[in-house]
Amino acid sequence: MRSRRLAIGAGKMLAVAAIVVWSLFPIGFIVLSSFKPGREIFAVPPELFFEPTLEHYASLWQRWPAFFDGLVNSLIITTGATALAVMASMLAGFAYSRYRGVRFLEGSVMFLIGSRLIPPIVVTLPLFPVVNRLGLNDTHLVLILLYATFFVSLGTLLMRTFIDQVPRELDEAAVLDGARPLTILVKIILPLVAPGMLAVAVFVVVFAWNEFLFAYIFTANHAKTAPLVLSEMISSIDGVDWGVLFAASTVQLLPVLVFVVLMNRFLVAGLTAGATKG
Amino acid sequence: MAFGSEASVGHRGEGTAEAAGETKRRRFAFSPAYLYATPVHLLVLGIIVLPAIFVLWLSFEASSFGQSATFVGFDNYIRVLTDPYFWCSVWNTVLVVAVAVHIELLLGLGLALLFASGLPLQRVMLVVVLAPYAISEVTAVAMWRFLFDPDVGPITLMLRYTGLPTLDWTFIPSHGLVLVGLLTIWLHLPFTFIILYAARLAVPKELYEAGRTDGANAFQLFRNITLPLLAPAMLIALLFRYIFAFRLFSEVWLLTQGGPARTTEVVSVYLYQEGFRYNSFGTAAATAWMMVVISLLLATGYVWRLRKESLANAF
């Protein structure tokens, strides 16, 4: 019996090690390598102990000013898209949770779910000429709208689930006190569904910060995002400068990785509710 | 109901409107709910639904830049369906999606059961498994490209050193697709895992206790309790992943650009090439609509299930 338990324990330690290697090795490898001097990046087996240097970050700063513009653009776009998606989802979630039996409203849930099924690349075809004609090409606005839109349906359903959990007695008490619906939403419901808003925010932040396809199609210079600049580094004609690419990747991934780690509870809540509720 | 009077105006005929003596049916009353739902619906209509419908129209027209559209019936569909590159991209997509998503499901299930049986540092390990969710496809491509670089990649060199076959993804198409599949699994395992783990945690402990007192062994418990109770969650995870993996674009585009010689294209990449490289909007639109229809077909089972469930919740 004891040997059996030992074997299970050993097996679990092995599994833990395998999970850590699988999940973290590629990330850790990039981050560590970005601090390795010159050719040591290519040492096999990779060296764990080395004298850290910022040389790759220095040359990133000198040779790729576009990357830092890209970070600023990514920050603007992510903030805008998140704010828009969370607010719009909150309002719609409120409508779906608190107003029952309103004509068209119920059927429109299926419409929202259905809209999630349309692959993003499909809408780029007609939007591209329209965006050009409106002069919105290469602006922050177009990406903010696109990123927010592809998450408002999930966001709405999540917010509905979270608002459903707020007891209606609270609303009713406020109605008796003469509060208007919007006041109830902001003053009473909003503080109670903050976790739901965070869950929606995590989705949008991760998506907007990392997205490639829309940025690739709809931006050129002015609103170019960090992932787009990274992709240019990857496919640069005169060979990839791996040190600089690793430095840039590290700068791009660390903030959102830290964010996801801090917000992991809300991410889990959002993923589970999102999949089961629509 | 919180806002009784407002909420029911449009529907059951109680409240102010009926008091005014109107007939019950065919009456449209304004509800503030419409206002609250408007921003979301404007965005979804304007940016997803109307453009998608426009694509349907586009798919029956021949058009390109600076050329007015002319109706061509099903020509675009015929051209796409007779294009060997299209079928190559379909085959690649099906292959990558089928292999990667099912491996993901197995790994996710294994992880979920492992976590449910208790792990040291469970909370930390959960975050570790989630970590790749935060990583951009672009950064992930940078990582895996380097790890498997034919000249300097540490994994390639180690494989070569140990005499194992290496992944020659730069010139052998199937190897490129293997790398794409690996990347896909790495990026999306967190999603599959969380869905299955949540479902596993929802299985009542008493069932296992009862099973054990009846003398069931670990395999029987798995076969008769875990598997049937996790089946709905597995189905949902599978469908979600089919639908989303079907859109696969960035990984392939950044890794191989669909090359060499268009052999590793997936459907999204084929669409992109038609639309944005060859400016053939008609065939791109036809491809796009086939993608929409397949996505909808994949989802009908899921939506139907959801509908049944939401009707059960009186909504």
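Trainee: Let's begin with chain A: among contacts between residues at least 6 apart in sequence, what share joins residues at least 24 apart?

Mentor: In chain A, 79% of the contacts between residues at least 6 apart in sequence join residues at least 24 apart, where two residues are in contact if their C-beta atoms, placed from the backbone, lie within 7 Å. Bear in mind that this is a predicted model, in which local features need pLDDT of at least 70 and side-chain atom pairs count only at pLDDT 80 or more, while totals for chains, interfaces and linings use all residues. Residues are numbered from 1 along each chain as its sequence is written, and chains are lettered from A, with ligands numbered from 1, in the order in which they are written.

Trainee: And what pLDDT does chain A average?

Mentor: Chain A averages 91, and 97% of its residues score at least 70; pLDDT is the predictor's confidence in each residue, on a scale from 0 to 100. Among the elements of chain A, helix 3 (residues 65-98) has the highest mean pLDDT, 96, whereas helix 13 (residues 264-277) has the lowest, 81.

Trainee: How many helices and strands are there in chain A?

Mentor: Chain A has 13 helices and 0 strands, taken as DSSP runs numbered from the N terminus, with helices being H or I of at least four residues and strands being E of at least two. Chain A is more spread out than a compact globule, because its radius of gyration is 23 Å, well over the 19 Å that the globule rule gives for 278 residues. That radius is taken over C-alpha atoms, and the rule is 2.2 Å times the number of residues to the power 0.38. Along its principal axes, the C-alpha trace of chain A spans about 70 × 70 × 35 Å.

Trainee: What fraction of chain A is buried?

Mentor: Of the 278 residues of chain A, 50% count as buried. A residue is buried if 20 or more other C-beta atoms lie within 10 Å of its own, exposed if 12 or fewer do, and partly exposed in between, with C-beta atoms placed from the backbone.

Trainee: Switching to chain B, what are its numbers?

Mentor: Chain B has 14 helices and 2 strands, and buried residues make up 41% of its 315 residues. Of the contacts in chain B with a separation of 6 or more, 65% are between residues 24 or more positions apart.

Trainee: How is chain B divided into domains?

Mentor: Domain 1 of chain B covers 4-73 and domain 2 covers 78-312, with bounds that come from an automatic or database domain assignment. Their contact takes 11 residues from domain 1 and 9 residues from domain 2. On the domain 1 side, helix 3 (32-58) and strand 1 (61-64) of chain B each supply at least two residues. The residues of that side divide into 7 nonpolar, 3 polar and 1 charged, where Ala, Val, Leu, Ile, Met, Phe, Trp, Tyr, Cys and Pro count as nonpolar, Asp, Glu, Lys and Arg as charged, and the others, Gly among them, as polar.

Trainee: How many residues of the two chains are in contact with each other?

Mentor: There, 80 residues of chain A are in contact with 83 residues of chain B. Helix 1 (residues 2-33) of chain A gives the most to the chain A side, with 11 residues, and that side divides into 56 nonpolar, 16 polar and 8 charged residues.

Trainee: Which residues touch the most other members of the largest nonpolar core?

Mentor: A:A148 and A:V204 do, in a core of 170 residues; a nonpolar core is a set of buried Ala, Val, Leu, Ile, Met, Phe, Trp, Tyr and Cys residues joined through C-beta atoms within 7 Å. Helix 6 (residues 140-164) of chain A gives the most to this core, with 16 residues, and the core also draws at least three residues from each of domain 1 and domain 2 of chain B. Leaving aside neighbours within four places in sequence, the contacts of A:A148 include A:A81, A:V204 and, from the other chain, B:L43.

Trainee: Is B:A261 buried or exposed?

Mentor: B:A261 counts as exposed because it has 9 C-beta neighbours inside 10 Å.
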